[in-house]
Amino acid sequence: MSVRVRFAPSPTGYLHVGGLRTALYNYLFAKHHNGKMILRIEDTDRSRFVENATENLISMLEWAGIIVDESPTKGGEFGPYIQSQRTNIYLEHIHILLNNGKAYYAFDTAEELDAMREKLQAGNQGDYRYDRMNMKNSITLGMDKAIELINAGIPYVIRMLVPDNEEIIFKDIIRGEVKISSNEVDDQILIKSDGFPTYHLAHLVDDHLMGITHVIRGEEWLPSTPKHCILYKAFGWEQPEFAHLPLLLNKDKTKLSKRTGSVAVEDFREKYIKDAFINFVALLGWNPTGDREIYDFQELIDLFNLEKVNKAGAVFDLQKLDWFNFQYLQKLSPEEMGKMLNEELLKIEKTGYDLNWLNKVAYALRERVHFISEIPNYAPYFFNDEIEYEQDYLEKHWNADKKNIILPLVFELEKCKDFTHDELHSTTKKYCEENGIKMKEVIHPLRLMITGKSIGAGMFETMELIGREKCISRMKKFLEKE
RNA sequence: GGCUCCAUCGACUAAUGGAUAGGUCACCACCCUUUCACGGUGGCAGUACGGGUUCGAAUCCCGUUGGAGUCACCA
């Protein structure tokens, strides 16, 4: 049987990085096995629906390189792929359960449920499950009475009937065998009073109908998996394989949330190189063994296996992601770097640069920044003619003596024919040798006069990029002032 | 609180009962050097604790401790 997996988010606004990793693992697993991945939108909670969330979800997945085989926009033979368009299917299926006695109607109000839970809490602690035999439902009232209430327009829900005293055992690919007594499982609501199914019913019916072979989802679903096992059995369906992924964590080891920083994929898209981000995320909770860190997308697909997914959660620590970004930055061509730099400059409304020149600037600085986006701030002297001088640097490398050394050099440099790195370098070297001074004695003042900053790329390379005219005028302006 | 899951350097992880517990990020030092970086070399740092099984345990078992997830007419 060929592998079919799914990613089934709720359209609640944005794609969470934890969700992206789940989607990634699903995708890697599917493609590794030449299988299919589907995208299904779980929008049965009408109150949480957010406009355009589905489009956003898809565009984030596509940015990440996750191209699903079947989806609301792409279609497929198992559609529709939006749960709110499948309500009739759920209703059909709930009747199977109603008819075989595996589900029942319940009429309790929110207040009555609250009262029940309070009572249970007062009695035996830790047990808040639906008290089936002491509430208003078709078991205590009888089916005739239940039908009567329904016909009278009384709101109702449909709950699953959990069998007593059964041991539920299921196999998880990552965690092995998990056991739990059915006495711990609640009579979960399957159909809400608004007629929509809950997640538990809807996802399970869909997974079955859509031929899903492996359910790969976050660990937060582990506690409700026994419910799903009971449901599969109630329907008489074979259950899929389960794999519950370890959670992505905040620094304090709690489930990753936006509390401590951004978790929306769109925010990462703005800052990081896609391949670096994917590489980083893929290695959070999984490792193909060995000492390697850098893997391209195809290698991830080739190597991925669920058996080597870790059990413990992984702290989502951006420090290493920055390093990955640096590594991938070095692999880009000057043209790619220049393009990114141009986009950054557009954001701060700096336009009109020669693209070829931007390529060179970005390339020259590639080893000094983790992100292309740092460049405008790291080396403003490429884009502003107004130079700000670093005070410490100025004090350290400038005084009356320096002026006497530098002045003749400026004239020599002005005479350079091509104003290229090589010529500037040899001219300066010659000058230093003739006057018995060290190169660094003059390079720092040059850097100071032209860039104002103590850090940056090689000075002659920088001068070539800034150009003769600007370099000379900056030096002269500085010399007049100081 | 009940239930379930989990536990290797600060972080990500490797080591499928057998070497001095390996690599990467971060941090520190040194080298290179034209500043800052890159790069190179080295360093710091870990099997939560206690039992057991075994010739041998990070690894298997039990217990303890700690952490997390979950317990909705949300997914």
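Visitor: At what angle do helix α16 and helix α18 pack, and how far apart are their axes?
Guide: This is a predicted model, where local features need pLDDT of at least 70, side-chain atom pairs count only at pLDDT 80 or more, and totals for chains, interfaces and linings use all residues. Residues are numbered from 1 along each chain as its sequence is written, chains are lettered from A and ligands numbered from 1 in the order in which they are written, and side-chain values use heavy atoms, with hydrogens and water left out. Helix α16 (residues 400-414) and helix α18 (residues 439-450) pack at about 75°, with axes 10 Å apart. That makes α16 roughly perpendicular to α18.

Visitor: What do those words mean here?
Guide: Helices (H or I, at least four residues) and strands (E, at least two) are DSSP runs numbered from the N terminus. Axes are lines fitted to C-alpha atoms, for helices over the stretch in contact, and angles run from 0 to 180 degrees between N-to-C directions. Under 35 degrees is roughly parallel, over 145 roughly antiparallel, 65 to 115 roughly perpendicular, and the rest oblique.

Visitor: Which residues make the contact between α16 and α18?
Guide: From α16, Lys-402, Ile-405, Ile-406, Leu-409, Val-410 and Leu-413. From α18, Glu-441, Val-442, Pro-445, Leu-446 and Met-449. Contact means heavy atoms within 4.5 Å. By class there are 9 nonpolar, no polar and 2 charged residues. Nonpolar covers Ala, Val, Leu, Ile, Met, Phe, Trp, Tyr, Cys and Pro; charged is Asp, Glu, Lys and Arg; the others, Gly among them, are polar.

Visitor: Is Lys-402 buried or exposed?
Guide: Lys-402 counts as buried, at 11% relative accessibility. Buried is under 20% relative accessible area, exposed over 50%, partly exposed in between (1.4 Å probe, protein chains only).

Visitor: What does Lys-402 touch?
Guide: His-397, Glu-441 and Pro-445, not counting residues up to four places away in sequence.

Visitor: And where is Ile-437?
Guide: In the loop between α17 (421-435) and α18. Ile-437 is partly exposed, at 24% relative accessible area. With residues up to four places away left out, Ile-437 touches Ile-405, Tyr-431, Cys-432 and Val-442. Ile-437 and Ile-405 are 32 residues apart in sequence and 9.1 Å apart in space, C-alpha to C-alpha.

Visitor: Switching to α9. How does helix α9 pack on helix α11?
Guide: Helix α9 (residues 274-282) and helix α11 (residues 318-331) pack at about 135°, axes 8 Å apart. α9 and α11 are therefore oblique to each other. α9 passes α11 in a right-handed crossing. A crossing is right-handed if the near helix is turned clockwise from the far one by less than a right angle, left-handed if anticlockwise.

Visitor: Who meets whom there?
Guide: Asp-275, Ala-276, Phe-277, Asn-279 and Phe-280 in α9 meet Lys-320, Leu-321, Phe-324, Asn-325 and Tyr-328 in α11. The residues divide into 6 nonpolar, 2 polar and 2 charged.

Visitor: What about α1 and α9: what angle?
Guide: About 80°, with axes 10 Å apart. That makes α1 roughly perpendicular to α9. Val-17, Leu-20, Arg-21, Leu-24 and Tyr-25 in α1 meet Phe-277, Ile-278, Val-281 and Ala-282 in α9.

Visitor: How many residues has the largest nonpolar core?
Guide: 108, and Ile-66, Phe-382 and Met-463 have the most contacts inside it. Helix α1 (residues 17-32) gives the most to this core, with 9 residues. Apart from it lies another core of 36 residues, among them Leu-97, Val-162, Leu-204 and Phe-235. A nonpolar core is a set of buried Ala, Val, Leu, Ile, Met, Phe, Trp, Tyr and Cys residues joined through side-chain atoms within 4.5 Å.

Visitor: Ile-66 is in contact with what?
Guide: Leu-20, Ala-23, Leu-24, Tyr-27, Met-37 and Leu-61, leaving aside neighbours within four places in sequence.

Visitor: Next, α7. How many of the residues of helix α7 are buried?
Guide: 10 of the 11 in helix α7 (residues 225-235), so it is largely enclosed by the rest of the structure. Among the buried ones are Lys-227 and His-228. Just after α7, Gly-236 takes a positive phi of about 75°.

Visitor: Which residue other than glycine has a positive phi?
Guide: Asn-165 is one of them, with phi near 50°. Glu-349 has a positive phi too, about 60°. Most residues other than glycine have a negative phi.

Visitor: Where do Asn-165 and Glu-349 sit?
Guide: Asn-165 is in the loop between β4 (157-160) and β5 (167-172), and counts as exposed at 63%. Glu-349 is in the loop between α12 and α13, and counts as exposed at 72%.
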